[in-house]
Amino acid sequence: VPQEVVYAAVAKKAVASTINGFSSTIMCYGQTGAGKTHTMTGATEKYEYRGIIPRAIQQIFKEVEEQADLALTVYVSFVEIYNETLYDLLATMSDSSTPDTQMIIVEDSHGVRIKGLSIHMVSTEEDALNYLFEGETNRIIASHTMNKNSSRSHCIFTIYVETRWRQTEEVKYLTSKLNLVDLAGSERLGKTGTEGQVMREAMYINKSLSFLEQTIIALGDAKRGHIPFRQSKLTHALKDSIGGTCNTILVANIYGEAAQIEETLSTLRFASRMKCIPAEPVANIYTDPVKLIHKLQNDIQVLQDELAMYNILGNRRQVSYETLTANQIRDIKAQICRYLEGTVDEINMGLLNSEESQVGELMGEGFGIGLAPTSAKAKKSKVKKGKDIA
């Protein structure tokens, strides 16, 4: 099947939704040598052999150019899980400040992230592809009877997109991530003939794939209360990227040979279980606190200007809308407490510890809230407790 057809059927819609704040995960699964890396990354011999990742990068930056009313920021990261250990495949890049940092998986209000993993901002398609190719050269591969360039690890290439509106007054923004997962292939040691270090790697691969399948089965069972995400680094890293509010797509890679029928059936069973995962994609919408504060300050200023204009048009005396002083607030609270306790029958709004009267004074033309100059009327302004009704 041509790579272009695979991309159109599998990834194009999911990648387009990334601009709108929807996260997605595209995962290639199958036995060793079935073509997972070719599907995900492609080959360099011809341009049309490009895989899902290069095509996704191209589509995202095409959207960046076409969205005139949006400001899109794109970041990438590339992590390898080898023998249950996390490695940053982009740690060799010049802008990586801590290449030897121990990486751990943590969870916060924004989901699951890998602490210590370098995330790089990219402004062009070429920049993103350079990071992809750099990471690919750092991957661990080995040769056996079924694949001379067998991946010995799981790799996750993630594209992060932050979408903001160009209008300065808009306080909300969207974030999303596109996880492109190239899983190592399951291996039968009797067929691959591996031994030594390669056999040890195969055992780690099979174990993590087994944990992944257990997690998929648990997610598809509505009666299960516990999902074993923490059994392996792979499932823990993808905790918020499989089902739930995230689009999840599986590409099942199989051999077209009768000799591989058992592995083919196993791959298809895994794919059928993946279809049972419940998923309701939701856009990731957040509020920028700095812009929100600025917007609220502008709104307050507009309201104050409208009140001033209202007073001028109504021929009212000048009313100040300054904030009450600490002494005034304390006196008001004290009077209210005594009123509620029943020790006083009225609240005197004129007896404040200030040379100016408290908020407001009735003048027949309206009631102004704020600090007004002291007057006889203000000092006589009182609130009386009503009589009890039997």
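How many salt bridges does a search of the whole structure find? I counted ten salt bridges. My criterion was a side-chain nitrogen of Lys or Arg within 4 Å of a carboxyl oxygen of Asp or Glu.

**Ground rules.** I am working on a predicted model, where local features need pLDDT of at least 70, side-chain atom pairs count only at pLDDT 80 or more, and totals for chains, interfaces and linings use all residues. I number residues from 1 along each chain as its sequence is written, and side-chain values use heavy atoms, with hydrogens and water left out.

**Salt bridges.** I started with lysine 239 and glutamate 107. Their closest N and O atoms are 3.1 Å apart. Lysine 239 sits in the loop between α8 (233–237) and β11, while glutamate 107 belongs to strand β4 (residues 104–108), so the pair ties together parts that are 132 residues apart in sequence. I take helices (H or I, at least four residues) and strands (E, at least two) as DSSP runs, numbered from the N terminus. Lysine 239 is partly exposed at 30% relative accessibility. Glutamate 107 is also partly exposed, at 38%. For these labels, buried means under 20% relative accessible area, exposed over 50%, and partly exposed in between, with a 1.4 Å probe and protein chains only.

Next I looked at arginine 164. Glutamate 162 forms a salt bridge with arginine 164, and the closest N and O atoms are 2.8 Å apart. Glutamate 162 is partly exposed at 22% relative accessibility. Arginine 164 is partly exposed, with a relative accessible area of 22%. Arginine 164 also meets aspartate 288 in a salt bridge, 3.0 Å from N to O. Arginine 164 lies in strand β9 (residues 154–165) and aspartate 288 in the loop between β12 (285–287) and α10 (289–313), so this pair links parts that are 124 residues apart in sequence. Aspartate 288 counts as buried, at 13% relative accessibility. As a reminder to myself, side chains of opposite charge can pair when their charged atoms come close.

**Cavities.** I ran a 1 Å grid over the protein atoms alone; a cavity is a set of points where a 1.4 Å probe fits but cannot get out, and lining residues have an atom within 4 Å of a point. Grid points are joined across faces, edges and corners, and a volume is the space filled by probe spheres set on the points. I found three cavities of 30 Å³ or more. The largest cavity holds about 60 Å³ of space.

Which residues line the largest cavity? I listed Ile81, Tyr82, Asn83, Glu84, Arg152, Ser153, His154, Glu201, Tyr204, Ile205 and Ser208. β2 (70–82) and α7 (197–220) each supply at least two residues of this lining. α7 gives the most, with four residues. By class, I get four nonpolar, four polar and three charged residues in the lining. Here Ala, Val, Leu, Ile, Met, Phe, Trp, Tyr, Cys and Pro count as nonpolar, Asp, Glu, Lys and Arg as charged, and the others, Gly among them, as polar.

**Positive phi.** Most residues other than glycine have a negative phi. Asparagine 83 has a positive phi of about 50 degrees. Glutamate 84 has a phi near 60 degrees, again positive. I place asparagine 83 in the loop between β2 and β3 (85–88). Glutamate 84 is in the loop between β2 and β3. Is asparagine 83 buried or exposed? Asparagine 83 counts as buried, at 12% relative accessibility. Glutamate 84 is partly exposed at 25%.

**Surface.** I found a nonpolar patch made of Ile254, Ile261, Leu265 and Leu268, with about 340 Å² of accessible area together. Patch residues have over 30% relative accessible area and no salt bridge, and nonpolar side chains (Val, Leu, Ile, Met, Phe, Trp, Tyr) are joined within 5 Å. Areas come from the Shrake-Rupley method with a 1.4 Å probe. Isoleucine 254 lies in the loop between β11 (247–253) and α9 (261–274). Isoleucine 254 is partly exposed, with a relative accessible area of 40%.

I closed with histidine 226. Histidine 226 is in the loop between α7 and α8. Histidine 226 counts as exposed at 58% relative accessibility.

Definitions and conventions. 1 Å grid on protein atoms, 1.4 Å probe; cavity = no way out; pocket = protein on both sides within 12 Å on 5 of 7 lines; lining within 4 Å. Patch = residues over 30% accessible without salt bridge, like charges linked within 9 Å, V, L, I, M, F, W, Y side chains within 5 Å.
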